[in-house]
Amino acid sequence: MEEIQQRRRLVVVGNGMAGINTVEHILKLAPNSYHITIFGGEPYPNYNRIQLSYVLEKSKAIEEIILNDYAWYEENGIDLYTGTEVTAIDTEQKTVEANNGVKVTYDQLIIATGSRPFMLPVPGADKQGIIGFRDIADCEQMLRTADVYKKAAVIGGGLLGLEAAKGLSKLGMDVTVVHLFKELMERQLDATAARMLQTELESQGLKFATGKQTAEFLGSERVSGIRFADGTELETEFVVMAAGIKPNIELAKASGIEVNRGIMVDDYMRTSAPDVYAIGECNEHRGVSYGLVAPLFEQGAVLAKHLCGVDTEPYEGSTVSTQLKISGVDVFSAGEFMDAEDLSIVRMHDDWRRIYKKVLMRGGRIVGGILIGDGREMSRLQQWIRTGTVMTEAIHTAIVGQGAPDTANTVAELADDEIVCGCNGVSKKNIVDAISENGLTTVEEIKATTSACRSCGGCRPVVEQILQHVLGDQYDSAAAKKEAICACTTLSRDEVVREIKEKGLITSKEVRYALEWNNKEGCSKCRPALNYYLGMIWPQEHVDERDSRLVNERMHANIQKDGTFGVVPRMYGGVTTPEDLRLIADIAVKYNVKMVKVTGGQRLDLLGIKKEDLPNIWKDLGMPSGYAYAKALRTVKTCVGSQFCRFGTKDSMGMGILIEKKFERLDMPAKFKMAVNGCPRNCAESATKDIGIVGNEGAWEIYVGGNGGIKARLAELLCKVRTDEELLEIIAAFIQHYRETGKYLERTSDWVERVGLQSIADTVVNDLDNRRALVERIEQALGQVQEPWNEILENSNLREKMFDDLSVSTVKE
């Protein structure tokens, strides 16, 4: 306690990327210098705001974009107040006061309040259904809206607007991007690049209304449309404002600190008030307020050194670069990008490959550039621009693509202070030092040590090149690409599985201790993964660790956004009876079910059920669980087949029911969907299933690796078989091979691409001995499965623990 009192008191107003990045630098430079207090307006620890678009498109959960969890604050002795707004700063008494009554004294104060979305000041802007896109709350509202409404408009064709639009599109909304200018991203792209980008995004389903000035939002209480200045209108049920940001200066202004557009700072981030600093999007440096992540990291590095008494060059501004984070769209821009009389240009435009490269020079020195469709030169282009590199034959060759770039020279040319990972502010020197000082040999080790590649992953190729450059002859390309199963360990999935088998480890705790986990308690990513691997390897010996299961699997129902649950009873092959339908209807009335929905897998979903009612509903139904919540076989969708259809050549319903009854309840790496068609007309949509079966005269066709979700993929033909027995045998072998070699949460669509279709065919189709061995192992695993609803109904202790204690904790997916 005495040590803490002797430390200087540092208060940070803002728990975002700018403030916390500065704190991270301070903890590295002088870990015992400050007693740190942090106030954050959101009810979350520090997270990666630039990855909100991934949360929106559901490719990442909120937990996955957390940069520093609550444990990090505790480990570093930081007092953290989340969901708390600082309302006053007394620069004479050197105190801050928050809306919860907390009052804290400071020696040094950092204001890192960020920015707010710019809301167009036009009539109707206060209607319901109009929001900005800046934080998790906005993201959650967009997710909820997409469940109810179908037409959305995003105002703003810049970075944030396009990412928001793509995310809403992936949620199934009909999205139109409204932009004041004719070209998208007009602050980063020229007309050619903008047209290429718009064409690509249109092919992905987005619509555009460019050159349109918003004049009014239509509707009564809720927005129903937009009227433009030219008199035209756009129908919409939801509007996202992404037309720019405004520095959040209100607190500083009210406290008498000098502000203009942003909080005025000098080259060391000092404001007009003594011992008060401002960093990130809220400040204004030399007339510029930056809205990108790289400048705030550069500011943070300077401020941290200044606060720790370490010599540092002043911050003189940033050469901004822009990278669009939309899957399948490669866009990068830095420095100057528009043609001008005093500029000479090297340009390469390939419409067929959809590649556009443009490098601009002034007096022979590179001052800017654009890359569309090929980002391999991204790091070097940024370096050339920052250092004003003179154009050479080698650089020209790299741009126009007449020779293969020398990757070793690429990273050798990078300056030590060049930011490699823009998401987390990691420089080349940070990575080189981490490799040299810690003996790192893999990208995953670099990721765990420095946070490079921790976010979007776009810098991974450059990080690997740096690793190769530093290690030289000791570099192992296979090892370098190894991906750890989580941050608790450097071991990959295959290494963990091998160690479990060789050491005979039976429980997750044994694994974590025997394999020297960094975090002996594990995390929300590795605990369910280890539980799956152990159950797959030791189906008879391993006891399922229920607390390691994700919430849906632990509760045997789908948790909804309002905390209620959805129950899907099993209907084999999508076939039911009048008696079962009447039973489901009666139970829906009895328990006041909010909605009964037909699912995409031809089942009935009872939605809006209270947790405490789940066991009683299961009991009254008397039907098996449909496993709609599990990493297991969800459904086998069927058409009516030869039993009823005049085109049907095979009994698809009979086969679907047989398959579903055989493989239900078996744990798998990820959810697993199947379909059986009685003819090639594909009414059961076999082409987008993990296994799709198509009946032809005298044969069954087996398709694998399909996916109709975020990463859509058509299934590929694995083989054709003539008998039902061979069909079931190959399906069993395929599933078991996937169970044994798939990564936890890896869908078959990704697994097939990673392992290779031919390799899978050789293993489960062509190698008869191996096929039978796989079938034998899956039969052993199937012998251990239980019906989960009955298990809970018959175990009063388990039922009381899970459903009568309403405060039971959950591990969210």
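**Entry 1: Ile559.** I looked up the contacts of Ile559 (contact means heavy atoms within 4.5 Å) and, leaving aside neighbours within four places in sequence, I found Val551, Asn552, Thr564 and Phe565. This is a predicted model, in which local features need pLDDT of at least 70 and side-chain atom pairs count only at pLDDT 80 or more, while totals for chains, interfaces and linings use all residues. Residues are numbered from 1 along each chain as its sequence is written, and side-chain values use heavy atoms, with hydrogens and water left out.

I placed Ile559 in strand 30, residues 558-559. Helices (H or I, at least four residues) and strands (E, at least two) are DSSP runs, numbered from the N terminus. Ile559 has a relative accessible area of 36% and is therefore partly exposed; buried means under 20%, exposed over 50%, and partly exposed in between (1.4 Å probe, protein chains only). I also noted that Ile559 and Leu197 are 362 residues apart in sequence and 38 Å apart in space, C-alpha to C-alpha.

**Entry 2: Annotated spans.** I consulted UniProt, where an unreviewed entry lists "domain: FAD/NAD(P)-binding" for residues 9-283. In the model this span is 24% helix and 30% strand, with its end C-alpha atoms 22 Å apart. The record also gives "domain: BFD-like [2Fe-2S]-binding" for residues 419-468 and 485-534, again in an unreviewed entry. Over residues 485-534 I read 54% helix and 0% strand, with the end C-alpha atoms 14 Å apart. Such annotations may be inferred rather than shown by experiment.

Entry 3: Helix 19 (residues 526-537) has 12 residues and reaches 16 Å from its first C-alpha to its last, close to the 16 Å expected. The expected span is 1.5 Å times one less than the number of residues. I found 10 of the 12 residues of helix 19 buried, among them Cys526, Tyr532 and Tyr533. Against what do the buried residues of helix 19 pack? They pack against helix 17 (493-503), helix 18 (508-514) and helix 25.

I then turned to helix 25, residues 724-741, whose 18 residues reach 26 Å, close to the 26 Å expected. Helix 25 is mostly covered, with 13 of its 18 residues buried.

**Entry 4: Helices 27 and 28.** The axes of helix 27 (residues 757-766) and helix 28 (residues 768-782) come within 6 Å and cross at roughly 80 degrees. The two helices are therefore roughly perpendicular to each other, a term for angles of 65 to 115 degrees. I listed Thr763, Val764, Val765 and Asn766 of helix 27 in contact with Leu768, Asn770, Arg771 and Leu774 of helix 28.

Key. Axes are lines fitted to C-alpha atoms, for helices over the stretch in contact, and angles run from 0 to 180 degrees between N-to-C directions. Angles under 35 degrees count as roughly parallel, over 145 as roughly antiparallel, 65 to 115 as roughly perpendicular and the rest as oblique.
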